[in-house]
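I opened the model to look up helix packing and one metal site. My entries follow.

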Amino acid sequence: MSQEKQNFLSSGSKPIIYCDFDGTITLKDTLVHILDTFASPHWHDIELRVKSGEIGCATSLVEEFATFHGSWEEVRRSLLNHIDIDPEFLPFMSFCRDNDIEFIVLSGGFSCFIDLIFTKEGVDGVRYFSNEIFFKDNKAELNYPYFNHECGSCGHCKTSHVKLSKKGKSFPVIYIGDGTTDRCPVKQADLVFAKDSLARYCSANGIPFIPWENFADIKRYLARHFAAS
Ligand SMILES: [Mg+2]
Ligand SMILES: [Zn+2]
């Protein structure tokens with residue numbers, strides 16, 4: 001860990017946590033599940049182009065959902081049957097509240113998926129920013145309310161939120177994630193928790209990170225450095 005990062009850890013200031021949703025809070029990625037169930041398997045070829053850095057998520061999501069066929073009712077039922085969250089997530093939320101640590105979800109997925117899963121799992125009062133999806137005539141239409149022209153690659157550029165938080169503030173910005181939609185913001189965060197393909201991306205690009213498996217790992221780490229005494 002760099003000197004700069006060690007300094008804020010010992011500074012005692014409260015961090016703000018930004019956290020991915022799919023594959024991070026959920027055990028399975030909702031987009032992967034929905035595309036596997038309702039779209040042409042060709043979507044995997046498009047995803048390979050994202051992983052190689054050839055195209056960004058803004059382009060890939062539209063291309064991947066172009067072959068989607070289904071209704072919101074079918075999607076809703078499928079998500080409820082197949083998507084669960086990390087069992088350590090709710091205890092982690094309690095830990096953040098008890099220690100006055102701000103926690104915000106930044107998702108490259110869709111708001112109605114997040115609402116559905118949070119309601120199912122009894123997750124209440126967690127702020128989030130995400131893309132939007134609308135279902136009509138068995139097709140899906142996407143909307144990117146947080147597209148950032150400066151970035152131009154992400155559908156939801158999570159970096160904008162991280163940069164805004166850092167402006168004129170002294171508290172450290174923590175980022176938690178697992179995949180391609182997290183590549184942009186981890187370059188700006190003060191402390192990164194990465195797993196799966198995000199961990200490989202960070203290693204390959206010299207971005208310092210702490211590996212994690214579930215939210216109990218992150219809770220343990222933060223308890224050592226930030227928890228109220
Ligand atoms: Mg993810
Ligand atoms: Zn971006």
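Predicted model: local features only at pLDDT ≥ 70, side-chain atom pairs only at ≥ 80, totals over all residues.

Which residues in H6 meet which residues in H10? I found Phe 89, Pro 91, Phe 92 and Phe 95 in H6 against Phe 215, Ile 218, Lys 219, Leu 222 and Ala 223 in H10. Contact here means heavy atoms within 4.5 Å.

Residues are numbered from 1 along each chain as its sequence is written, chains are lettered from A and ligands numbered from 1 in the order in which they are written, and side-chain values use heavy atoms, with hydrogens and water left out.

**H6 and H10.** Nonpolar covers Ala, Val, Leu, Ile, Met, Phe, Trp, Tyr, Cys and Pro; charged covers Asp, Glu, Lys and Arg; the others, Gly among them, are polar. H6 spans residues 89-98 and H10 residues 215-225. Helices are DSSP runs (H or I, at least four residues) and strands are E runs of at least two, numbered from the N terminus. The two axes come within 8 Å and cross at roughly 20°. Axes are lines fitted to C-alpha atoms, for helices over the stretch in contact, with angles from 0 to 180 degrees between N-to-C directions. H6 and H10 are therefore roughly parallel. The cut-offs: under 35 degrees is roughly parallel, over 145 roughly antiparallel, 65 to 115 roughly perpendicular, the rest oblique.

**H5 and H7.** I looked at H5 against H7 (residues 111-121) next; their axes come within 10 Å and cross at roughly 45°. That makes H5 oblique to H7. Trp 72, Val 75, Arg 76, Leu 79 and Leu 80 of H5 meet Cys 112, Phe 113, Leu 116, Ile 117 and Lys 120 of H7. I logged eight nonpolar, no polar and two charged residues there.

**H2 and H5.** H2 (residues 30-38) packs on H5 (residues 72-82) at about 125°, axes 11 Å apart. H2 and H5 are therefore oblique. The H2 side includes His 33 and Ile 34, and the H5 side includes Val 75 and Leu 79. By class I have four nonpolar, five polar and one charged.

**Zinc.** What coordinates the zinc ion (ligand 2)? I found Cys 151, Cys 154, Cys 157 and Cys 184, each through SG, at 2.3 to 2.5 Å. Donors are N, O and S atoms within 2.8 Å of the metal (3.2 Å for Na, K and Ca); water is not among the atoms, so sites may look incomplete. The donor spacing is C-x2-C-x2-C-x26-C. Cys 151 sits in the loop between S4 (139-143) and H8 (158-166), and Cys 184 in the loop between S5 (173-177) and S6 (191-194), so the pair ties together parts 33 residues apart in sequence.
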